[in-house]
Amino acid sequence: MKKNIIVLLLTTVVFCCTAKESLPVIETVFVQGGTYNWKKLLGIGSEEVTVPDLYVQKYETTRNEWEAFINETGKKEFYKITAVQLNYYNLMAYPESAAVGMTFYEALEYCNWRSKKEGYTPVYTLKGDMPVQSSYTYPEPVKMPEIVVNKKADGYRLPEESEWIYFALGGLEGIKTKWWEKRPVERYAWVATNSSSTEPVGKLEPNPVGLYDVFGNAWEWCWDIKPNSAGEEGINKSRLSCGACVSYTKSQNVGKDVLLFMAVLAKKGGSDPLERYYTGVRMVRNAAGISESAQGLFGSRYSAGKRVYAADNLNIRAAPNVRGEKVVLAGKGSPLTVLEEGKKETIDGITAPWIKVRLHDGTEGWCFAGYVAAQKP
């Protein structure tokens, strides 16, 4: 499959609903922000760009998750989509395959829908409705409704291109260590040499910050508008997408070096926001106050981003109190990354704050800081 336009046709088959009745909370990875020079890295953008702290979706949105959205919101027409030689289930053979085929506008709707599901404030205000279309594009030019962005909202949104490149390369530490040198992309991405459709997410190696399939499986929508883009007949400006979908340019031996592969992908350009390509979505949320510049808000001992360890077997809870539902049991010595400091409490004669932490597998929850240690026990 290539990112070139693949004409999508209506089928006469109506597929049954396979979405789950309830969806688990999206797994995210905390990526500490920083400043990097993406022009020197990839030959694009300004000299330097600063990326904020982010919570990044650990896996690409799956077919199962996407179907829950289209069924609940009355967009089942998506089920009728097929492609030349490749129908819906060939493109996404498994419930956990990376979902593709959504338009840019539908991706924004999905971000808002997931935000509401998890109790966050939606980022986008979409002033109007779009008619559901299940062909490759609308028969007649259609203008997207006005989109208003609430930059202070804590809900899910699409990443900006500079953010996507930053977390795909492993954040500031990943860029400093140049971990990608002589790393074949097939270890991290489903591309032309190891797949012919989207695959179940999370089956290959993650990048240094624990994100899966960032370099290949589905293209991923970004917020940015392609420079000097007027869109089809000047109606909708093209939007950028990053990643890859089982194809890449084989020049310059890009398959043998992740960074060379990224440099090629970064120059792919944009897509019409209302056309259906092999594009999916990986959402992000703002993590304001987590960076080093804001660590003073929480105190030096339990600063956000600090690594601590479970002093003994430790219950990780959904809320910062002993009555909070147990999320998981962290074994003695388990590494924990501090995300946030909460209120102080005295337990067993120890006065300490509750801290929100992330485990090595991406699970997040609260624990009592009196039961953690600065060094591995």
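Predicted model: local features only at pLDDT ≥ 70, side-chain atom pairs only at ≥ 80, totals over all residues.

User: Pockets to start with. What volume does the largest pocket have?

Analyst: The largest pocket comes out at about 680 Å³. Its lining is made up of 31 residues, and the ones nearest the centre are Phe30, Gln32, Pro208, Val209 and Arg358.

User: Which elements give two or more residues to that lining?

Analyst: Those are β2 (28-31), α6 (171-177) and β19 (335-347). Of the elements, α6 gives the most, with five residues.

User: And how do the lining residues of the largest pocket divide into nonpolar, polar and charged?

Analyst: You get twelve nonpolar, eleven polar and eight charged residues there.

User: OK, what about the second largest pocket, what's its volume?

Analyst: That pocket has a volume of about 440 Å³. It has 18 lining residues, with Val25, Ile26, Tyr120, Lys356 and Glu364 lying nearest the centre. Strand β21 (residues 364-368) supplies the largest share of the lining, three residues. By type, the lining splits into eight nonpolar, four polar and six charged.

User: Lys356 and Glu364 are a charged pair. How do their side chains meet?

Analyst: In a salt bridge, at 4.0 Å from N to O. Both glutamate 364 and lysine 356 are buried. The general idea is that side chains of opposite charge can pair when their charged atoms come close.

User: How many salt bridges does the whole structure have?

Analyst: A search of the whole structure turns up ten. One of them joins arginine 63 to glutamate 67, with the closest N and O atoms 3.2 Å apart.

User: Where do arginine 63 and glutamate 67 lie?

Analyst: Both sit in helix α2 (residues 63-72), four residues apart, which is about one turn of the helix. Arginine 63 and glutamate 67 are both buried too.

User: Why does glutamate 118 count as buried?

Analyst: Because its relative accessibility is 18%, and the cut-off for buried is under 20%. Arginine 114 counts as buried as well, at 2% relative accessibility.

User: Now arginine 239. Is it buried or exposed, and what's the nearest side chain of opposite charge?

Analyst: Arginine 239 is buried but has no salt bridge, and the nearest side chain of opposite charge is aspartate 224, 7.2 Å away. For a salt bridge, the side-chain nitrogen has to be within 4 Å of a carboxyl oxygen. What the arginine 239 side chain does have is a polar atom 2.4 Å from the backbone oxygen of tryptophan 223. As for location, arginine 239 is in strand β12 (residues 239-243).

User: What about the glycine just after α5?

Analyst: That's glycine 170, which takes a positive phi of about 95°.

User: And how many residues of helix α5 are buried?

Analyst: Eight of its eight residues, counting residues 161-168, so the helix is mostly covered by that definition of buried. Among them are Trp164, Ile165, Tyr166 and Phe167.

User: Last one: where is alanine 304?

Analyst: Alanine 304 is in the loop between β15 (284-286) and β16 (307-310). It is buried, with a relative accessible area of 1%. Its C-alpha atom is 8.9 Å from that of valine 357, although the two are 53 residues apart along the chain.

Definitions and conventions:
Residues numbered from 1 in each chain as written. Heavy atoms only, no water. 1 Å grid on protein atoms, 1.4 Å probe; cavity = no way out; pocket = protein on both sides within 12 Å on 5 of 7 lines; lining within 4 Å. Points joined across faces, edges and corners; volume = space filled by probe spheres on them. Nonpolar A, V, L, I, M, F, W, Y, C, P; charged D, E, K, R; others polar. Buried < 20%, exposed > 50% of the residue type's maximum accessible area, 1.4 Å probe, protein only. Lys, Arg positive; Asp, Glu negative; His and termini not counted. Polar contact = N/O pair within 3.5 Å; in protein donor to acceptor, adjacent residues only side chain to side chain.
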